[in-house]
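Here is a short report on a protein complex and its ligands. Please look over the sequence and the structure before reading on.

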Amino acid sequence: MRETPVTPVQVTGTVLTTRRVDAYHALTVVAPGIAERFRPGHFVAVAVGGAQTSMLTRRAFSIHDVKPDYSGTVEFVFTVRGPGTAWLAERRARDTLDLVGPLGRPFPLPRDPVTCVLVGGEYGSATLFPVADVLQQRGCRVDFVLGAASADRVFGALRARRMGETTTLTTEDGSLGLRGRVTDVLPGVIADVRADVVYACGPMSMLRGVTAVAVEFDIPVQVAVEERMACGVGVCMTCVLPVIGDDGVTRMVRSCVEGPVFRGERVRFDDVGTIPFDALGAPGGGSRNAG
Amino acid sequence: MPVDMRTYLGHVELVNPITTAAGCAASGSELAQFFDLGRIGALTTRSITMAPRAGRPTPRMAETPSGMLNAIGLQGPGVDAFLERELPWLAQRNVRTVVSIGGGTVAEYTALARRLTDAPGVSAVEVNLSCPNIEDRGRVFARDGAASAEVIASVRSVMRYDVPVVAKLSPDVVDVVSVARACVDGGADALSMINNPLGMSIDTEAMRPSLAAVTGGLSGPAIRPLAVRCVWQVHAALPSVPIIGMGGVLTGRDAFELILAGACVVAVGTALFHDPYACLRILRELEELLAARGFHRLADAVGLAHRPPGASTRHRIDLEESSL
Ligand SMILES: Cc1cc2nc3c(=O)[nH]c(=O)nc-3n(C[C@H](O)[C@H](O)[C@H](O)COP(=O)(O)OP(=O)(O)OC[C@H]3O[C@@H](n4cnc5c(N)ncnc54)[C@H](O)[C@@H]3O)c2cc1C
Ligand SMILES: Cc1cc2nc3c(=O)[nH]c(=O)nc-3n(C[C@H](O)[C@H](O)[C@H](O)COP(=O)(O)O)c2cc1C
Ligand code: FES
């Protein structure tokens, strides 16, 4: 069953703590309305650059953790990619931050205690820990597979080892765990633990590979995708990707409001970045040249 | 004393001059999560097309200094779904709705207008002229006064007499005044400007264009001077034609600037991506600013910057009062 979105709020939060976690930055922000509405898989859209900034679009970050302190804090983990994340990396305790959230559809959770494999790539693992928490509360068995290019980019290995029944780590340069990618080890893990379901968050190419493995084993897979976003709240239409609906029709859906969590096999990974010819309203389907 | 913020689009009264810009508020329900849409003067829909449209491939967006480029490609569900779901949803909530329409031929615009004629809840129709004219080798309607006028005349002829037809102009023309005049001669009751000028950015990491569509529409404060110029020039030439001004409005001061240039309605677009409450904030800031400058009515500020040098606002108000 699909989770319905909760009503997001905009809050001016105060940065409580900043820390480095290997290659990443983590910010804990006092954000009451957001923390209390949070469910695993939600993200926040953060305004960057301050009041007079020339950076107009919001930056999306998965919520890694919420705590009841100061009537609610949220933590997100990020990597510096461009000017917005560079600015965020300079935030210090007591700075204020404008956040909108919680956004997106959270991960659907199984009703019964089942065995779940949680697959994270790079900072994508950050999203998985709140999922693991609730799964364990529901009596599920949780196993982790985490990977990245190098050891310092594997997020949360320690915590995964503490929480998971098993934790398998992979790095492309072999500096931690097994050399290779998560998809190299995933079939083995699924078979060993007799997994019932896979949850995954990470780069698009990884999600595509993880989905292929899950499909092979014929078990459900829930993936949290990352698409280029400007608003995060569903008004700009920049974040679309081709997704097959319940009716079998492919639509260009907004990953911020219809996602970011999708059933893996519904996402047409091979066609991301294109408009598949058979998508609803694809060129050729009528008023092709308008606009 | 509160400022009288009412304004008119043709004969349609709006409680205040703030609306969303076409394509920047999706179907309305997304923003309704944050505030009551009835509090803004009007909501402008995305450009509705005849058939459902999947739009352009991603990446569709690139941030630029004080702006962004977009190439959405009018993604939308088509007019049937719009009339079935989106418009009734807005009408039920008493949201004044400006319906934007987009087409590739004059016949398509006309057919869309005809579909809207009987639909309840259409306060005005805004004709997005920045679509390529497929009958004229993809030349954009808005670039050509005659083509624009033909669309407007045809839409006007089928639209209900009490629904204003607004022509939305592009700044990518040699002479915006001549296109504006052609549209008014064709029957436009009001003008809207500006649509996105065309821009481009290159990702220096990938060393390729940032957008899948290569070029895209520029929006945000980066284009505000362009918008102020267009509104100014058209208001000077056609002072009695109502203008919806837009382009990079982020604050009440920005809205005020467009009003002083001649706009009586101000649309907010890209600012909504930064701040979902932008419309309400801008409205509040604008009202405060008008009050601080001694205005009792928004209408008194429309086009005020056109007064000759030396003529003070006080002077003008005195004159008006003494002529009563
Ligand atoms: C649902 C979701 C969750 C995310 N969670 C995390 C997270 O937990 N940690 C983390 O480090 N990163 C996360 N990202 C990616 C993060 O949003 C981008 O790295 C960040 O926006 C880049 O901003 P910038 O200013 O550094 O880069 P720039 O390239 O200068 O950004 C320009 C514009 O493009 C957008 N953009 C660029 N890359 C991305 C991207 N990959 N995804 C979405 N928008 C992008 C920016 O938001 C901004 O609007 C997430 C993205 C999504 C969609
Ligand atoms: C993402 C996006 C989508 C848009 N879609 C439309 C559209 O469907 N029809 C239209 O007439 N204008 C469209 N526009 C143009 C805006 O309505 C507006 O004219 C322009 O962006 C300038 O205002 P701004 O700087 O406040 O965004 C769009 C603009 C953006 C940024
Ligand atoms: S990011 Fe704006 S619609 Fe998804």
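The side chain of B:Asn128 places an N or O atom 3.2 Å from a nitrogen atom of ligand 2. This is a predicted model. B:Ser47 also uses its side chain, with an N or O atom 2.6 Å from a nitrogen atom of ligand 2. B:Gly220 works through its backbone instead: a polar atom there is 2.8 Å from an oxygen atom of the ligand. On its own, ligand 2 has 600 Å² of accessible area, and the protein covers 96% of it.

In all, 23 residues lie around ligand 2. The nearest are B:Ala22, B:Ser47, B:Lys168, B:Gly248 and B:Thr270. By class, the shell holds ten nonpolar, twelve polar and one charged residues. Why is the site of ligand 2 called shared between chains? Residues from both chain A and chain B surround the ligand, so the site is shared.

**Ligand 1**

Ligand 1 has 21 residues around it. A:Thr57, A:Ala60, A:Val77, A:Gly82 and A:Thr85 come nearest. This site, too, is shared between chains, because residues from chains A and B surround ligand 1. The shell divides into nine nonpolar, six polar and six charged residues.

Which elements of chain A each supply at least two residues of this shell? They include β4 (59-62), β6 (73-78) and α2 (83-89). The largest share, four residues, comes from β4(A).

Backbone atoms of chain A make polar contacts with ligand 1. A:Ala60 has a backbone N or O atom 2.6 Å from an oxygen atom of the ligand. A:Ser62 has one 3.0 Å from a nitrogen atom of the ligand. A polar backbone atom of A:Met229 is 3.2 Å from a nitrogen atom of ligand 1. Taken alone, ligand 1 exposes 820 Å², and the protein buries 92% of that.

| Residue | Part of residue | Ligand atom | Distance |
|---|---|---|---|
| A:Ala60 | backbone | oxygen, ligand 1 | 2.6 Å |
| A:Ser62 | backbone | nitrogen, ligand 1 | 3.0 Å |
| A:Met229 | backbone | nitrogen, ligand 1 | 3.2 Å |
| B:Ser47 | side chain | nitrogen, ligand 2 | 2.6 Å |
| B:Asn128 | side chain | nitrogen, ligand 2 | 3.2 Å |
| B:Gly220 | backbone | oxygen, ligand 2 | 2.8 Å |

**The interface**

Chain A gives 40 residues to the contact, and chain B gives 48 residues. Together the chains bury about 3,500 Å², with 60% of it on carbon and sulfur atoms. Two salt bridges are counted between chain A and chain B. In one salt bridge, the side chains of A:Arg59 and B:Glu63 meet at 2.8 Å, N to O. The side of chain A that touches chain B divides into 19 nonpolar, 15 polar and six charged residues. Ten residue pairs are in polar contact between the chains.

**Backbone details**

Where do cis peptide bonds occur? In chain A, the bond from A:Gly259 to A:Pro260 is cis, with omega near 5 degrees. A:Pro260 sits in the loop between β15 (250-254) and β16 (261-263) of chain A. In chain B, a cis bond joins B:Met193 and B:Ile194, with omega about 15 degrees. B:Ile194 is in the loop between β12 (190-193) and β13 (198-200) of chain B.

A:Arg194 has a positive phi, near 55 degrees, and is not a glycine. A:Arg194 lies in the loop between α5 (182-193) and β12 (197-201) of chain A.

Conventions. Residues numbered from 1 in each chain as written. Chains lettered and ligands numbered in written order. Predicted model: local features only at pLDDT ≥ 70, side-chain atom pairs only at ≥ 80, totals over all residues. Heavy atoms only, no water. Contact = heavy atoms within 4.5 Å. Buried area = accessible area lost by both parts, 1.4 Å probe. Salt bridge = Lys/Arg side-chain N within 4 Å of Asp/Glu carboxyl O. Polar contact = N/O pair within 3.5 Å; in protein donor to acceptor, adjacent residues only side chain to side chain. Nonpolar A, V, L, I, M, F, W, Y, C, P; charged D, E, K, R; others polar. Near = heavy atom within 4 Å. Areas by Shrake-Rupley, 256 points an atom, 1.4 Å probe, with all protein chains shown as cover.
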